[in-house]
Amino acid sequence: MTATADANSAAGVLYVVATPIGNLEDISARALRILKEVSLIAAEDTRHSSRLLQHFGISTPLAACHDHNERDEGRFLERLLAGGDVALISDAGTPLISDPGFHLVRQVRAAGIRVVPIPGACALIAALSAAGLPSDRFAFEGFLPAKVAGRRARLEALREESRTLLFYEAPHRLLDSLRDMADVFGEARPAVLGRELTKTFETLQGLPLGELVRWVKADSNQQRGECVLVVAGWQAPASEDALDAGALRILDLLLAELPLKRAAAVAAEITGVRKNLLYQAALERKA
Ligand code: SAM
């Protein structure tokens, strides 16, 4: 616990509770207990969430929490300062992940009140966990800009991003976004479309971007429902990959002293990099 949190040890706790992204069985036992025990639930859409709570027989009062609405935030802060526990939920999945809650969490933490995550479903993590693309490092980009120019500019900025990329997309923009991705990242870039995850018509289709465009275009069903796009990161061409800065430095030093072919051969012996890669690089450097 931080020093500021200690300052408010009499205050309640704000629980940030993940709810399902489709399949109601995905709610955790802990989430259900917390939602029953707190004095108030702050929800993105109270009508939507009341159906979820009803399903689980939970009668805790609900109050709307719109992102960055000071009146809402003040109300929850008051409750917490008075010692009441509050749970924050969104319409689906993990609050704050392309969903409201950031301002509330920031304010509550700034007031020295404890914030506790109750983890669970999150569409991007579900998609990444089943996509079969590198998952050791990834970048979540949320929703791309709706307008073409903004979307393409964003994609251009990501063209050489080597981490696996994750995007949320609205179904009516899926095809346009996929086309732009194929254009900017190249048709051969591997990608996976995760659609309606955890629901009846769950789809996880992995294809190179160009083929994915054609596949989605050919089947209008794929342009419905909720979707996550997982796109492989940029990979340096093999020659650039093998020739790191150290190898190139050695090559440059040798080129200053030896004929090109000999310099490439000696550099290959020193670095262990293939001779023809170094020969090619030496030709380019001389040119
Ligand atoms: N907070 C949520 C989470 O933790 O994933 C995300 C909320 S964001 C407003 C909604 C977007 O998440 C959808 O447009 C879609 O891109 C993605 N999404 C949510 N549920 C999904 C599902 N079952 N399958 C695929 N994508 C989903």
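Let me start with the aromatic pairs. Searching the whole of this predicted model turns up two of them. In one, the ring centres of Phe 140 and Tyr 168 are 4.9 Å apart, and the ring planes stand at 65°, so this pair is edge-to-face.

Where in the chain do Phe 140 and Tyr 168 lie? Phe 140 is in strand β6, residues 138-143, while Tyr 168 is in strand β7, residues 164-169. The pair therefore ties together parts that are 28 residues apart in sequence.

Now, buried or exposed? Tyr 168 is buried, at a relative accessible area of 9%. Phe 140 has a relative accessible area of 30% and is partly exposed.

The other pair also involves Tyr 168, this time with Phe 143. Here the centres are 5.8 Å apart and the planes are at 65°, so this one is edge-to-face too. Again the pair links distant parts of the chain, with Phe 143 in strand β6 and Tyr 168 in strand β7, 25 residues apart. Phe 143 has a relative accessibility of 46% and counts as partly exposed.

Arg 75 lies over the face of Phe 76, and the distance from the ring centre is 5.6 Å.

Next, the whole chain. How many helices and strands does the protein chain have? There are 13 helices and ten strands. The C-alpha trace spans about 80 × 55 × 35 Å along its principal axes. For a compact globule of 287 residues, the radius of gyration would be near 19 Å, but this chain has 26 Å.

Of the 287 residues, 44% are buried. The accessible surface is about 15,100 Å², and carbon and sulfur atoms account for 51% of that. As for contacts, take those between residues at least 6 apart in sequence: 67% of them join residues at least 24 apart.

A word on confidence. The mean pLDDT of the chain is 93, and 95% of the residues reach 70 or more. Residues 1-6 are another matter, with pLDDT under 50 throughout. For that stretch the model has four contacts beyond four places in sequence.

Let me move to the loop between β8 and β9. Strand β8 covers 190-195 and β9 covers 203-208, and Glu 196 is in the loop between them. Thr 198 is in that loop as well. Most residues other than glycine have a negative phi. Glu 196, which is not a glycine, has a positive phi, near 50°. Thr 198 is not a glycine either, and its phi is positive, about 70°.

Are these two residues buried or exposed? Glu 196 has a relative accessible area of 15%, so it is buried. Thr 198, at a relative accessible area of 24%, is partly exposed. The cut-off that separates them is 20%, because buried means under that value.

Staying in this region, Pro 208 is in strand β9. Its relative accessibility is 28%, so Pro 208 counts as partly exposed. Which residues does Pro 208 touch, if we leave out those up to four places away in sequence? The answer is Glu 187, Ala 188, Arg 189 and Pro 190. From Pro 208 to Gly 186 is 22 residues in sequence and 8.9 Å in space, C-alpha to C-alpha.

Tyr 279 is in helix α13, which runs over residues 275-286. At 33% relative accessibility, Tyr 279 counts as partly exposed. Leaving out residues up to four places away in sequence, Tyr 279 touches Leu 260, Lys 261 and Ala 264. How far apart are Tyr 279 and Arg 79 in space? The distance is 71 Å, C-alpha to C-alpha, for 200 residues in sequence.

Then look at Glu 196, with its positive phi. Thank you.

Terms used:
Residues are numbered from 1 along each chain as its sequence is written. This is a predicted model: local features need pLDDT of at least 70, side-chain atom pairs count only at pLDDT 80 or more; totals for chains, interfaces and linings use all residues. Side-chain values use heavy atoms; hydrogens and water are left out. Rings of Phe, Tyr and Trp (its six-membered ring) pair if their centres lie within 6.5 Å; planes under 30 degrees apart count as stacked, over 60 as edge-to-face and the rest as tilted. Helices (H or I, at least four residues) and strands (E, at least two) are DSSP runs, numbered from the N terminus. Buried means under 20% relative accessible area, exposed over 50%, partly exposed in between (1.4 Å probe, protein chains only). A charge sits over a ring if NZ of Lys or CZ of Arg is within 6 Å of the ring centre and within 35 degrees of the ring normal. The radius of gyration is taken over C-alpha atoms; the globule rule is 2.2 Å times the number of residues to the power 0.38. Contact means heavy atoms within 4.5 Å. Accessible areas come from the Shrake-Rupley method with a 1.4 Å probe; for residues, only the protein chains shown count as cover. pLDDT is the predictor's confidence in each residue, from 0 to 100.
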